[in-house]
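Please read the following briefing alongside the sequence and the coordinates.

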Amino acid sequence: MNDHRILNALSYFSIFFAPIIVPALIWIFTKTDEVAHHAKVALLTHIIPTIAAVICFSSIFITSFTNIGILSNLSLMVTAGLFFITIIATLGLFIFNIVRGIQILVTKTEEDVWI
């Protein structure tokens, strides 16, 4: 197993221990385009749930301060919908990172890997 495949998989598996830090460091300090590509994809799939969580929790914070009749119900429905979409997107990207890391470790060549 070569170092490129290990670094590529580590970029995706870092979702377990240092989601944004490890792919960013690998992307900054890598010398090959292949590893940089996988580090960028992993970094993006780690940042998206973070941004979605910030938006979701800020929406919850704003909703807690609005108590104006019908607007309160509408705001609550939008916040609940945003919360469920955030949970589904986060789980989907978490599973994507795990599958992608395993796929990189299992395949023999880069051409066998999808995406």
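The structure holds three aromatic pairs, where rings of Phe, Tyr and Trp (its six-membered ring) pair if their centres lie within 6.5 Å, and planes under 30 degrees apart count as stacked, over 60 as edge-to-face and the rest as tilted. This is a predicted model, in which local features need pLDDT of at least 70 and side-chain atom pairs count only at pLDDT 80 or more, while totals for chains, interfaces and linings use all residues. Residues are numbered from 1 along each chain as its sequence is written, and side-chain values use heavy atoms, with hydrogens and water left out.

**Aromatic pairs**

- Tyrosine 12 and phenylalanine 96 form an edge-to-face pair, with 6.4 Å centre to centre and 85° between the planes.
- Because tyrosine 12 lies in helix α1 and phenylalanine 96 in helix α4, this pair ties together parts that are 84 residues apart in sequence; helices (H or I, at least four residues) are DSSP runs, numbered from the N terminus.
- Tyrosine 12 and phenylalanine 96 are both buried, where buried means under 20% relative accessible area, exposed over 50% and partly exposed in between (1.4 Å probe, protein chains only).
- Phenylalanine 83 and phenylalanine 84 also form an edge-to-face pair, at 5.9 Å centre to centre and with 70° between the planes.
- Within that pair, phenylalanine 83 counts as partly exposed because its relative accessibility is 32%, whereas phenylalanine 84 is exposed, with a relative accessible area of 55%.

**Nonpolar surface**

- Leu7, Leu10, Phe16, Phe17, Phe94, Ile95 and Val99 make a nonpolar surface patch of about 620 Å²; patch residues have over 30% relative accessible area and no salt bridge, and nonpolar side chains (Val, Leu, Ile, Met, Phe, Trp, Tyr) are joined within 5 Å.
- The salt bridge excluded here is a side-chain nitrogen of Lys or Arg within 4 Å of a carboxyl oxygen of Asp or Glu, and accessible areas come from the Shrake-Rupley method with a 1.4 Å probe.
- The elements that give two or more residues to the patch are α1 (3-13) and α4 (70-106), and α4 provides the largest share, three residues.

**Positions in helix α4**

- Valine 99 has its place in helix α4 and, at 38% relative accessibility, counts as partly exposed.
- Glutamine 103, also found in helix α4, counts as buried at 13% relative accessibility.
- The C-alpha atoms of glutamine 103 and arginine 5 are separated by 10.0 Å, although these residues are 98 apart along the chain.

**Record annotation**

- An unreviewed UniProt entry lists residues 6-29, 41-62 and 74-99 under "transmembrane region", and such annotations may be inferred rather than shown by experiment.
- In the model, residues 74-99 are 100% helix, with end C-alpha atoms 37 Å apart, while residues 6-29 are 71% helix, with end C-alpha atoms 15 Å apart.

Terms used:
Patch = residues over 30% accessible without salt bridge, like charges linked within 9 Å, V, L, I, M, F, W, Y side chains within 5 Å.
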